[in-house]
Amino acid sequence: GEAVRFPDLPSPDELIAGTYREGSTRTVIINQFERSPEARVACIKAHGAVCSICSFDFGKVYGPEADGLVHVHHLHPIALRSGEYEVDPIRDLRPVCPNCHAVIHLNGGCRSIEVVKEMMRQSQALQQA
């Protein structure tokens, strides 16, 4: 498959060595949707702290200090709902690692867990070919 490009960034082969400016400040106003910490805990208790897509487990890789570290993904995006709603942590949430979570939402999308798993399978098949 074709490499994913971020719209406003040059490709790595277009970049040149040197220095770049960072650290300036700007004001950003956003809507932030409240998430229930209890729902997060219930999701992890039900599904485990292992990525639902790639099976990555922070505790196994980094040891006890990282045990339980995982993102919790809403299968139905909060931003598409209007106002408060009831969430069922077992039915509506899944644990995912930060990498898979980034791919789910890559370029503003909201891919399903099944689609991201298929992306991984296709990529692995290409690498083995």
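Me: What is a salt bridge, and which residue forms one with glutamate 118?

Reply: A salt bridge is a side-chain nitrogen of Lys or Arg within 4 Å of a carboxyl oxygen of Asp or Glu. Side chains of opposite charge can pair when their charged atoms come close. In this predicted model, local features need pLDDT of at least 70 and side-chain atom pairs count only at pLDDT 80 or more, while totals for chains, interfaces and linings use all residues. Residues are numbered from 1 along each chain as its sequence is written, and side-chain values use heavy atoms, with hydrogens and water left out. Glutamate 118 pairs with arginine 121, their closest N and O atoms being 3.0 Å apart. The two are separated by about one helical turn, because they lie three residues apart in helix α5.

Me: How many salt bridges does the structure hold, and which residues are linked in a network?

Reply: There are three salt bridges, and Asp88, Arg91 and Asp92 are linked in a network. Arginine 91 meets aspartate 88 at 3.8 Å, N to O, and aspartate 92 at 3.0 Å, N to O. For accessibility, buried means under 20% relative accessible area, exposed over 50%, and partly exposed in between (1.4 Å probe, protein chains only). Arginine 91 is therefore exposed at 53%, aspartate 88 is partly exposed at 28%, and aspartate 92 is buried at 6%.

Me: Which residues make up the largest nonpolar core?

Reply: In soluble globular proteins, nonpolar side chains tend to be buried together. A nonpolar core is a set of buried Ala, Val, Leu, Ile, Met, Phe, Trp, Tyr and Cys residues joined through side-chain atoms within 4.5 Å. Here the largest has eight residues: Cys51, Ile53, Val96, Cys97, Cys100, Ile104, Ile113 and Val116. Helices α4 (98–104) and α5 (113–128) each supply at least two residues of this core. A second, separate core of seven residues includes Cys43, Ala49, Val70 and Leu93.

Me: Where does cysteine 97 lie, and with which residues is it in contact?

Reply: Cysteine 97 lies in the loop between β2 (93–96) and α4, and its relative accessibility of 4% makes it buried. Contact means heavy atoms within 4.5 Å. Leaving aside neighbours within four places in sequence, cysteine 97 touches Cys51, Cys54, Phe56 and Val70. Cysteine 97 and cysteine 51 are 46 residues apart in sequence, with their C-alpha atoms 5.1 Å apart in space.

Me: How many disulfides are counted?

Reply: A disulfide is a covalent bond between the sulfur atoms of two cysteines. The criterion is a pair of cysteine sulfur atoms within 2.5 Å, and by this rule the count comes to zero. Cysteine 54 is in no disulfide; the nearest cysteine sulfur, that of cysteine 97, is 3.7 Å away. Cysteine 54 is partly exposed, with 28% relative accessibility.

Me: Which residues form a nonpolar patch on the surface?

Reply: Patches are made of residues with over 30% relative accessible area and no salt bridge; like charges are joined within 9 Å, and nonpolar side chains (Val, Leu, Ile, Met, Phe, Trp, Tyr) within 5 Å. Accessible areas come from the Shrake-Rupley method with a 1.4 Å probe; for residues, only the protein chains shown count as cover. Leu15, Ile16 and Tyr20 form such a nonpolar patch, with about 370 Å² of accessible area together. Isoleucine 16 is found in the segment before α1 (37–47) and is exposed at 66% relative accessibility.

Terms used
Helices (H or I, at least four residues) and strands (E, at least two) are DSSP runs, numbered from the N terminus.
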